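Me: I should like to learn how to read this structure. Could we take its features in turn?

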Amino acid sequence: MSTAVITTSAGFELTSDQLELQQRARTFVETVLMPLELEAEELGGQLPEETVEHIKREAIAARLNGGRFAPEYGGQGWSMLEWFLVNAQFGRVTNGLHWHVPSAYNVLLQGTPEQVERYLVPALRGEGGDAYAVTEAEAGSDPGGIASIAESTGDGWRINGEKWFVTSGDVARVLIVMANVVDGADRLPTLFLIEPDAPGVEFVDNPRFTHNYPHGHPTIRFTDVEIGPDAVIGGVGNGEALQRAWFTEERLGIATHGLGAMWRLLEETTAWALERRQGGARIMDYQGVSFPLADSATDAALGRLLALHVAGMVDAGADV
């Protein structure tokens with residue numbers, strides 16, 4: 001593997017391999033995903049199944065699936081910095097088309113060998129993913145507000161509760177459900193793997209949002225859902241720590257996608273402002289246009305530097 005180092009204008013050093021990865025992701029985005037944007041918009045985010053399968057095949061061929069998971073599971077073994085480089089490219093695409101690139105949530109790495117083989121490995125092959133069921137009517141990311149409970153049945157668990165905004169829950173192969181295990185007076189936040197077709201799992205709502213994305217954000221109710229002892233992932237009482245690790249990656253990912261979107265917006269707006277003429281001059285020559293664009297470019301550059309710094313901190317083992 002090449003170890004040549006190239007210094008970017010931002011002061012970060014990227015190896016030639018990392019630059020190749022960034023370009024590979026950009027090529028995939030521009031040749032596979034962007035040509036589908038208009039169709040996705042017109043179809044309300046729902047592309048034909050054959051088109052979705054085409055995206056998956058092309059993503060796997062481009063070695064962009066399962067980014068931070070090890071190759072032994074079917075992933076790429078990227079560092080957080082490399083994951084940032086790819087996700088910044090994914091963020092340049094509208095309609096969440098990059099959601100079709102096979103991947104999974106990092107919590108599945110904490111699963112037993114059987115759980116990994118059943119859920120993680122197929123997900124990275126594009127054979128059905130996962131969805132986090134955490135948010136509730138009166139609780140968000142703080143497990144202290146979670147009302148869903150899990151009671152021991154002696155040979156497994158009984159789950160009761162209702163989850164809101166379960167992104168991709170309508171297409172997931174498995175739901176990662178946060179519930180408090182009842183242990184006397186204690187409530188132990190724990191993650192459970194529950195398949196959507198299990199008895200007692202009910203999809204009660206699929207609220208509409210102001211975007212056209214491939215998947216929904218359904219409300220899912222769990223009523224006396226009986227699951228086995230092997231449905232716990234990461235151990236009883238470890239749900240909060242596992243969720244925090246997920247949020248670290250997810251929040252950086254959201255920021256990275258936002259940066260990618262912002263850079264594309266700046267590129268296309270600048271190109272248009274350089275060509276569009278009004279009053280005999282390019283509109284870029286008017287301060288009311290050029291100054292806000294310059295301010296936005298500054299914000300985008302600072303955001304990129306901050307995200308790169310945080311990615312480097314994660315790779316260095318910092319507690320972020």
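Me: How should I read the confidence of the model, and what is the average pLDDT of the chain?

Reply: This is a predicted model, in which local features need pLDDT of at least 70 and side-chain atom pairs count only at pLDDT 80 or more, while totals for chains, interfaces and linings use all residues. Residues are numbered from 1 along each chain as its sequence is written, and side-chain values use heavy atoms, with hydrogens and water left out. The pLDDT is the predictor's confidence in each residue, from 0 to 100. Here the chain averages 93, and 95% of the residues score at least 70. Residues 1-10 have a pLDDT below 50, and this stretch has 18 contacts in the model beyond near neighbours in sequence; contact means heavy atoms within 4.5 Å. Where pLDDT is low, the predicted coordinates should not be read in detail.

Me: What is a nonpolar core, and which residues of the largest one touch the most other members?

Reply: In soluble globular proteins, nonpolar side chains tend to be buried together. A nonpolar core is a set of buried Ala, Val, Leu, Ile, Met, Phe, Trp, Tyr and Cys residues joined through side-chain atoms within 4.5 Å. Buried means under 20% relative accessible area, exposed over 50%, and partly exposed in between, with a 1.4 Å probe and protein chains only. The largest core has 32 residues, of which Phe28, Leu33 and Leu64 touch the most other members. Two or more residues each come from helix H1 (16-33), H3, H4, helix H6 (239-275) and H7, where helices (H or I, at least four residues) and strands (E, at least two) are DSSP runs numbered from the N terminus. H4 gives the most, with seven residues. A second, separate core of 24 residues includes Leu108, Val134, Met178 and Phe247.

Me: At roughly what angle do the axes of H4 and H7 cross?

Reply: Axes are lines fitted to C-alpha atoms, for helices over the stretch in contact, and angles run from 0 to 180 degrees between N-to-C directions. The axes of H4 (residues 80-90) and H7 (residues 287-315) cross at roughly 145° and come within 8 Å. On the H4 side, Met80, Leu81 and Phe84 meet Arg304, Ala307, Leu308, Ala311, Val314 and Asp315 of H7.

Me: How is strand pairing read, and which strands pair with E9?

Reply: Two strands pair if DSSP finds at least two bridges between them. Strand E5 (residues 157-163) is antiparallel to strand E9 (residues 219-227), over six bridges, and Arg158 stands opposite Glu226. Strand E8 (residues 201-205) also runs antiparallel to E9, joined by four bridges; there, Val201 has Phe222 as its bridge partner.

Me: Is Lys56 buried or exposed?

Reply: Lys56 counts as buried because its relative accessibility is 16%. This residue of helix H3 (residues 49-61) touches His100, Pro102 and Gly126, leaving out residues up to four places away in sequence.

Me: What is the phi of Arg63, and where does this residue lie?

Reply: Arg63 has a positive phi of about 55° although it is not a glycine. Arg63 lies in the loop between H3 and H4 and, at 41% relative accessibility, counts as partly exposed. Ser168, also not a glycine, has a positive phi near 70°. The place of Ser168 is the loop between E5 and strand E6 (174-183), and its 13% relative accessibility makes it buried.
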